[in-house]
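Dear colleague,

Please find the structure for your review below. My notes on one residue and on the ligand site follow it.

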Amino acid sequence: MFRIVERQRVNPEVNRFVIEASIIAQKRQPGQFVVFRLHEKGERIPITIADADAQAGTITVYVQELGKTTFQMGRMNAGDEIADVIGPLGNPTPIEKLDGEVFAIAGGVGSAEVLPIARKHKEAGNKVIAILGYRSKDIVILEEEFRSFADEVYVTTDDGTYGREGFVTTELKDHLEKGRPIAEIIAVGPAIMMKAVCDLTRHYNIKTMVSLNSIMIDATGMCGVCRVEVGGETRYACVHGPEFDGHKVNFDLLLKRLASFKEEEKISLERYQAAVGAQDA
Ligand code: NAD
């Protein structure tokens, strides 16, 4: 069992959890993820590791309440235990000193995944520019954390309630047009955002890495559910990724596969919410 040490609601739809998982905390590297199973009969959910404290033996994750299991997790508290936490999984982000700037582009809760990658780029001696996009002011997370180390931070909101009005791509486009010396871009967020970033950077021939959030089950390369098409070949996001060269990803196929169980996910969440009652929802 894995004990929750802290739970903090960071915005109306996202919780930050600090969880005891000492071996994972010692081994994890930026870009890697864990798979949770809340209880013996629970589904497996992949979540990116946002931070870890090797000495305390804890990992930190940000979980957006999207479906039944993440909603259920959002109702767990410090002291509660998670049945399984498997990891660290996936390949760490390759990070080295680059000849040029690194742009870290984050969409919504994807900022929790980009944070450790951007920080490590800074530690490697790279100039880091962060572009963080959220739907609205009330769900902005991790801005201060990025500001604590990044050379420049730009925030956008879709509705213009905070920062610049528009998508992350509105901000990125300006930097591309100015001809900034960008060595690499890492973009993490909704698939549609990663596709839009890649469509933009392709014209400038700038290396753009994306972290793919395909549906996953076993996360060890056996089930094949997380398959994605990269450069015309089938790849498994769990063992070959989760990061890939975004210019080679078939995003249309990924978007289609991500939508496969939307209706079932909605029904499952509604049934669960009805069962636990309105006071817990
Ligand atoms: P969201 O829908 O609120 O979008 C966040 C931002 O992405 C927007 O504010 C905007 O700036 C940008 N964006 C959205 N649509 C765009 C478009 N068409 N063109 C350009 N930019 C666009 O995001 P959310 O609700 O916080 O969801 C985050 C997503 O990130 C989830 O789908 C989650 O699965 C994914 N995620 C992925 C990983 C990963 O490892 N790949 C990790 C964490 C989260």
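Arg-227 belongs to strand 15, residues 227-230 (strands, E, of at least two residues, and helices, H or I, of at least four, are DSSP runs numbered from the N terminus). The model is predicted, so local features need pLDDT of at least 70 and side-chain atom pairs pLDDT 80 or more, while totals for chains, interfaces and linings use all residues. Residues are numbered from 1 along each chain as its sequence is written, and side-chain values use heavy atoms, without hydrogens and water.

Leaving aside residues up to four places away in sequence, Arg-227 touches Thr-234, Arg-235, Tyr-236 and Arg-257 (contact: heavy atoms within 4.5 Å). Arg-257 lies 30 residues from Arg-227 in sequence, with a C-alpha to C-alpha distance of 9.3 Å.

Around the ligand there are 23 residues, of which Gln-64, Arg-135, Asp-158, Ser-211 and Asn-213 come nearest (a residue is near if one of its heavy atoms lies within 4 Å). This shell divides into 10 nonpolar, 10 polar and 3 charged residues (nonpolar: Ala, Val, Leu, Ile, Met, Phe, Trp, Tyr, Cys and Pro; charged: Asp, Glu, Lys and Arg; polar: the others, Gly among them). Helix 6 gives the largest share of the shell, 3 residues.

An oxygen atom of the ligand lies 2.7 Å from a side-chain N or O atom of Asp-158. For Gln-64, a polar side-chain atom is 2.9 Å from a ligand oxygen atom.

With kind regards

Note on methods:
Polar contact = N/O pair within 3.5 Å; in protein donor to acceptor, adjacent residues only side chain to side chain.
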